Amino acid sequence: MLSFPLIGVSYHKGFKLFFFFQCEIFEVSFKLPNNVLSLEPSDVFQKFQFGCGIKNQGDFGSGVDGMMGLGRGELSTVSQTAPKFNKVFSYCLPKEDSIGSLLFGEKATSLSSSLQFTKLVSRPNSEFYFVNLLGISVGNRRLNIPSSVFAKSGTIIDSGTVITRLPQPVYSKLKAAFKKAMKKYPRSNRRPEKGDILDTCYDLSGTKEVLLPEIVLHFGEGTDVRLTGTGIIWGNDASHLCLSFAGNSFGWDSNLTIIGNRQQVSMTVLYDIKGGRIGFGGNDCS
């Protein structure tokens, strides 16, 4: 085993990691209570470099043991396994109490025929995955937002961000259209807690049937990603369910759009980095 100097990293949402690198045999085989992630026994990578966290800051949540890097960086799992998997992977993030998937290489590629693809946008020296988001529709009506608004700083697809962040002018129009579509449902009277970023919430505890307006993300190459359920509202209590989008309050780039993992739940997302494209499809992880 080889040890390397202590490294400090600030993640783009304020998370901070301090760790040291080691080289070790890395065999992917996880068994968790609700999810099973497994690759073939032959998928063993010599001298795999990974970081061991010793002082981690940020809202990682309880019970989290680590983070798997799936970005473009040289030390990500995608880059270190590229000789075998050719920088192709897919995932399906499951709903609670269900099973998801994480596939690499040919197993991921086998899903291609059922997906819609849009091009990855080249951003030199960036470890993130940029795409062309052209517009958003709420309840079959496209919001009056020029595509140039999304092009200013670009749009990132990020499985590590929970809530999708939109530039404030975009979020304001999305929120207004959503509130109009939901006007017959009572608003939640719960006071927001410190740090809450979800500001459009409803009390649906006494409602037997809720008709949510469909939200569609329009990407380049004619790819439309239709959101339903937890991709639209989110919460742990029926008396306080919130629109699962937020305005971008990042001081370093308020024009950036980040598509978070709530909008990717139960959806197959395939990254074909060498092919320069990303695919979306399905409405469950079966």
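Helix α5 (residues 168-181) has 14 residues, which at 1.5 Å a residue should span 20 Å; its end C-alpha atoms are 20 Å apart, so the two agree. The expected span is 1.5 Å times one less than the number of residues. Helices are DSSP runs of H or I, at least four residues, numbered from the N terminus.

This is a predicted model: local features need pLDDT of at least 70, side-chain atom pairs count only at pLDDT 80 or more, and totals for chains, interfaces and linings use all residues. Residues are numbered from 1 along each chain as its sequence is written, and side-chain values use heavy atoms, without hydrogens and water.

V170, Y171, L174 and F178 of α5 are buried (under 20% relative accessible area; exposed is over 50%, partly exposed in between, with a 1.4 Å probe and protein chains only). They cover an arc of only 95° around the axis, which puts them on the same side of α5. The arc is taken from the directions from the helix axis to the C-beta atoms. P169 and K180 are exposed, on the face turned away from the buried side of α5.

The largest nonpolar core holds 46 residues. Such a core is a set of buried Ala, Val, Leu, Ile, Met, Phe, Trp, Tyr and Cys residues joined through side-chain atoms within 4.5 Å. F89, I136, I157, I215 and Y271 touch the most other members. α5 gives the most to this core, with 4 residues.

T77 lies in helix α1 (residues 77-80). Its relative accessibility is 8%, so T77 counts as buried.

Methods
Helix = DSSP H or I, 4+ residues; strand = E, 2+ residues; numbered from the N terminus.
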